[in-house]
Every structure is written in C-alpha cells, then in structure tokens.
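Open the model in your viewer and keep the sequence panel beside it. This tour goes from one selection to the next.

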Amino acid sequence: MPRFGATPSWSLGVEEEFILVDAQTLETEPAFSRIVGESTERMKAELFECIVEVATPVLPNADGVLQSLRGLRQELAERSAAEGVRLHAAGTHALARGAGQPIVPVPHYEQLAESLGDAIYRQLVCGLHVHVSVSDTETCLRAFEGVVPWLPVLLALSANSPYVEGEETGLRSERAARLLEMPTGGTPPVLRTWSDWEAATGTDSGRRHWDAWPRPEHGTLEVRVTDQQTDARRSAGFAALVQALVAAAAESRHEPYDRKRYRYRRARAARAQPDPAEVEVIAVLVEPAARELGGWELAREVLESGQEADRQLALGRSNGLDAVVRDVVDRSVA
C-alpha cells in the first residue's frame, strides 16, 4: 500500500553501508550474523556477510540525520569491537577481493547470486541512500524527473571509491561503474505516469538499483547514486542537498531528461572531478530550499569541499593502499 503523505513532506531517512574489517589486519570480516544476527529496523543485512547497512528513523532535517548517523555508527562500532571488528566507510575497500565473499543466507540474495553467477562478487561496494518523503504520486513523479539531471553532479561530488582489489582503477567512483552490471542498475527509466512505474518495477521497487526512483512502500523518492562517505558529516550534507533538490524539483513539471545524455554524464562523473559550473548551478538551485529546511550549512560544505576520492588518491600514491584502508577505518567512527 503506498505511504505517500504518511510523514511530513521533505522528511528524511538515510541509509549507510559499511564493510566490516578485522581490527588487526583490516581485511574484510564476514561478521554480520554474529554482530547483528537478524536484521532490525536500524541495522540490516546487505548481500555479503562483511557488510552492514544502518538506517536512520524518519527525521525532519539534516542536523537530525547527522546526530542519528553518528549514534548508529558508534553503536555498531561498539558491537563490532566486542568481536574484534571495525567499520570501513567508503564506496570500496582498496584491497579487498570480492571473489568468495560469504553471502548472507537470505533467499533474495541467494537467488541473486544464482542468477548472476561469479559477477555477484563484483558488488562488494557501498552506497549512501537518501529518502525524501513526498505527499503523493504526482509530486513524487514531478520531483523524480526534476532530480534526474542532477544525479551525475551528486555522483561526482560523492566519489569515494578510486581503488579496488589493490588497483587504482582510473575512476574516482568504481562503485558507479559496477552498479551498471546489476540487472536494474544505473540510469533510471522514464516515468511519465504511475502506470509507467508499475510496468518498470513489476510493483516490486525494493529490488531495483537505479540511481533514483519512487519508493511508495516508504512514501519517498529515494536517491542512491552517491558513494558511501567516510565522514558522517558529509553523509548528512548529502542528505541536506538531496532534500533541498527534491523540494525544489517538485515545484514544477519537467520534460523527461535525455537518458542517452544522462548515461554520458554519469560515466564522466564517475571518472572526473566535479564540474565547477555544474556545482555552482546546483548550489543556486538548492540554496533557498536548503535554507528554509535548515540544511544549507551542511549542504554548502559538500558543495565546496570536493571529493573524498581526492584524499584516498593522494594517500595511496604517497603512502600505499594499506595507508588508505587504515585512514578510512580510523575516520569512519570519529
């Protein structure tokens, strides 16, 4: 049953994904089942035993998101420490190998592994997902199409996965490239009507990996194009940015954005620095709504601070990839 309007418009819910690593070696540790056990509303399984997803409650603004994320990271870190495990918050682990990672024993993931075969192991990646509550299906579709052109800008700003399996890939977001290998990953479909959404999803929106799409079971528009951020403050900043972008986009109707152009810009965003001109335009677009909703300072920090991938690349090139992993782990729970 669609839940649009069940919570105040523009309310936020945020999901973060972490890789569990051995506290001494910093290698991936398949510890979800012994640290969390059964998934809960706040801590959930996510494909591999070495990944945990945390989810905030519904919150009115990005300040609340920041407080909640810090609390969830701390709680998960304390539970993990008891098992000799630490958290790694980034789009990829610079040294970890996906092949052979134990999969969480959940029917959906087991079916996905069976259908994808060994390709499933290339999905050892972590993202930041932002849900924004909307009042009804029409508003959701209007905001959805208005947000689509800005998703590559969000991706570029969030890039935090330049290394994978011990290699510098040439991309700043390797995660973005790997999501395209999923059956429903990447470019969102054109949704002119709610019937289009039903046809595209088979009414099962929880099994899609597009960069953004309506989630009627939550009453939200979800944006999931962004890499997982190491700094919780940056995660909250992206929540503020997405919240304001959705609110601004919902004010008017938009013609469907050229999806071929979208794919080109998405690919460029995964490998390049954010385009200063695009960042300036999105800042102008979101600032009024962000100020009204109380998230402008956090959003502004993201818009002005570049990518976390820059830090990884500088450290990896000067000190090696062990130093990259150590730095990410040390900064994941500040």
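**Stop one: Q229**

Select Q229, in the loop between β11 (220–227) and α8 (232–249). Helices (H or I, at least four residues) and strands (E, at least two) are DSSP runs, numbered from the N terminus. This is a predicted model: local features need pLDDT of at least 70, side-chain atom pairs count only at pLDDT 80 or more, and totals for chains, interfaces and linings use all residues. Residues are numbered from 1 along each chain as its sequence is written, and side-chain values use heavy atoms, with hydrogens and water left out.

Is Q229 buried or exposed? Buried, at 0% relative accessibility. (Buried means under 20% relative accessible area, exposed over 50%, partly exposed in between, with a 1.4 Å probe and protein chains only.)

Now show the neighbours. The Q229 side chain reaches the backbone oxygen of S158 at 2.8 Å. The side chain of R234 makes a polar contact with that of Q229, also at 2.8 Å. (A polar contact is a pair of N or O atoms within 3.5 Å; within protein, one must be able to donate a hydrogen and the other to accept it, and residues adjacent in sequence count only if both atoms are side-chain atoms.)

**Stop two: the rings**

The whole structure holds four aromatic pairs. (Rings of Phe, Tyr and Trp, its six-membered ring, pair if their centres lie within 6.5 Å; planes under 30 degrees apart count as stacked, over 60 as edge-to-face and the rest as tilted.)

Select F48 and Y121. They are stacked, 6.2 Å centre to centre with 25° between the planes. F48 is buried; Y121 is partly exposed.

Finish at W194 and W197, both in helix α7 (residues 194–201). Both are buried.
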